[in-house]
Amino acid sequence: LASSHLDESLLHGYLDGELEDPARAGVEAHLAVCAACASDLERLRRVFAAIVGAPEVQLGRDLAPAVLRALPSVPRWVPSLAIGQLVGALGIGVAMLLGLGTGRILSGLDTAVGRLVGQLEAAADRLDQSWQLVLQLSSALAAGPDVTLADLATSGVWVGIAAAAILLGFIGNGLMLGGVRRRVRS
Amino acid sequence: MPEPADRDLVLRTRRGDVQAFGELVRRYQGSVFNVCYRMVGERREAEDLAQEAFLRAYRRLATYDAERPFGPWVRRVAARVCLNELDRRTPAQLELDDDRDQPLASGETGPEAAFDVRAEADTLRRALAELPPRYRAVIELRHYQEMSYAEISEALEIPLSDVKSHLYRARKSLARRLTVGE
C-alpha cells in the first residue's frame with residue numbers, strides 16, 4: 001500500500017544525514033523490508049550523484065590582479081577594528097595625559113600653596129613674638145619703675161601668660177591658615 | 001620553501017599585506033568561480049561575481065575565524081553574492097551561455113567519453129539554471145559546499161522548513177531534467 005511507504009522527504013533527509021534516531025533507525029528498518037522504497041532511495045542517490053558529478057569548469061583568467069586593483073584603500077574591517085581600537089587607545093591616552101597634567105598642575109599648586117602657607121606661618125610666628133614683646137614691655141611699664149625686665153623674665157606668672165598668649169596665637173593662626181588651605185584645595 | 005598556510009595569508013592580509021590576499025585569490029579563484037558559474041550559468045557573469053565575492057570576503061575578513069578552513073568560507077560568501085544578484089534580476093535576465101564550456105579533469109580521454117562528460121555537464125548546468133534562484137542556492141550549499149540544513153538556513157536567512165522544501169523541489173526538478181531519477 002502506498003500509505004505504508006516512506007514519505008519521500010524522509011528519504012531526502014536520510015541521504016542528507018539529517019535524520020536522527022529513532023527516525024533514522026525507522027527508515028533503515030523500513031528500507032530493509034520494502035523494495036519500492038529501497039528503489040526510490042536508489043533513484044534519489046543517482047540524482048545526488050549527478051548533481052555533484054559534473055566536472056568543474058576552467059577559469060579563463062587570473063582574477064587576482066583585478067581583485068587587488070579593486071580593493072578599497074582602507075578596508076571596512078579596519079575601521080571596525082584597527083581604527084576603532086586606535087581611536088579608543090588615543091582617547092584613553094589623551095585622558096591619561098590630561099589626568100597626568102591635571103595632577104601636575106594640582107601638585108604644583110599644592111606645593112606653591114604649601115610654601116605660601118609656610119611663609120605665612122613664619123610671618124605669623126614673628127608677628128606673635130613681636131606682639132608678645134610689646135605686651136611684655138607695656139606690662140613692665142605699667143608695673144612701675146621697681147619692676148625690671150629681668151624681674152619679668154624670671155616671673156613664673158608672666159612667663160606662663162606669655163606662653164599661653166603665644167600658644168593661643170599659634171592656634172589662631174593655624175586655624176586661619178588651615179581654612180585658607182582647604183579653600184585653595186577645594 | 002613551503003607555501004604559507006591560508007591562516008598565515010589571512011593574518012598578513014589583516015595586517016595590511018594585500019599581496020597575501022592576492023595569493024588567497026589565486027588559490028581559491030577556481031572553486032569560487034565554479035560556485036558562481038553553477039549559480040548564474042554564464043561565464044563572464046560568473047567571473048565578475050567571483051571577483052565581487054573576493055572583494056566581499058576581503059571586507060568581511062574580520063568576521064572570518066582564521067582557525068577554520070578559508071576555502072569553504074569564501075565559497076559560501078560567493079554563493080551568497082550570487083544569490084543576492086539572482087534575487088535582483090527578473091526571470092528574463094536569467095539566461096545561459098550559448099557556448100559550451102570545456103570541463104576540467106575528466107578521467108576519460110576518448111572523444112566519445114569527453115563528449116558524454118561535456119554533454120552531461122551541460123545538461124546539469126542548464127537544469128540548474130532553470131531552477132529558481134533560491135533552489136539553486138540550496139543545491140549549491142548542500143551538495144557542493146556540504147552544509148547542513150541548519151547552516152543553510154542561517155546562511156540564506158530562511159526557515160529550516162524552507163531549506164527542506166526548497167531542496168526537495170529542486171531535486172525533483174533536477175531528476176526530471178537529468179532523467180536519472182526516472
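Predicted model: local features only at pLDDT ≥ 70, side-chain atom pairs only at ≥ 80, totals over all residues.
Residues are numbered from 1 along each chain as its sequence is written, chains are lettered from A and ligands numbered from 1 in the order in which they are written, and side-chain values use heavy atoms, with hydrogens and water left out.

**Chain A at a glance**

- Chain A has seven helices and zero strands; helices (H or I, at least four residues) and strands (E, at least two) are DSSP runs, numbered from the N terminus.
- Of the 186 residues in chain A, 24% are buried, where buried means under 20% relative accessible area, exposed over 50%, and partly exposed in between (1.4 Å probe, protein chains only).
- Take the contacts in chain A with a separation of 6 or more: 60% of them are between residues 24 or more positions apart. Contact here means heavy atoms within 4.5 Å.

**Where the chains meet**

- Chain A puts 34 residues into the contact and chain B puts in 51.
- Between the two chains there are six salt bridges, a salt bridge being a side-chain nitrogen of Lys or Arg within 4 Å of a carboxyl oxygen of Asp or Glu.
- B:Arg38 forms a salt bridge with A:Glu56, and the closest N and O atoms are 3.5 Å apart.
- On the side of chain A that touches chain B, the elements giving two or more residues are α1 (8–15), α3 (35–53), α4 (64–70) and α5 (77–143).
- The largest share of that side, seven residues, comes from α3(A).

**Buried spots**

- B:Arg171 sits in helix α8 (residues 160–178) of chain B and is buried, at a relative accessible area of 1%.
- The side chains of B:Arg171 and B:His143 are joined by a polar contact of 3.1 Å. That term means a pair of N or O atoms within 3.5 Å; within protein, one must be able to donate a hydrogen and the other to accept it, and residues adjacent in sequence count only if both atoms are side-chain atoms.
- Neighbours within four places in sequence aside, B:Arg171 is in contact with residues of both chains, including A:His12, A:Asp16, B:Ile139 and B:Tyr149.
- A:Ala64, in helix α4 of chain A, is buried with a relative accessible area of 0%.
- Not counting residues up to four places away in sequence, A:Ala64 touches B:Gly22, B:Val25, B:Arg26 and B:Gln29.
- In α4(B), 14 of the 19 residues are buried, so this helix is largely enclosed by the rest of the structure.

**Salt bridges within a chain**

- Over all chains, the whole structure has 22 salt bridges.
- A:Arg24 has a salt bridge with A:Asp21 (3.4 Å, N to O) and another with A:Glu28 (3.4 Å, N to O).
- A:Glu28 and A:Arg24 lie four residues apart in helix α2 (residues 23–33) of chain A, about one turn of the helix.
- In chain B, the side chains of B:Glu23 and B:Arg27 meet in a salt bridge (3.3 Å, N to O).
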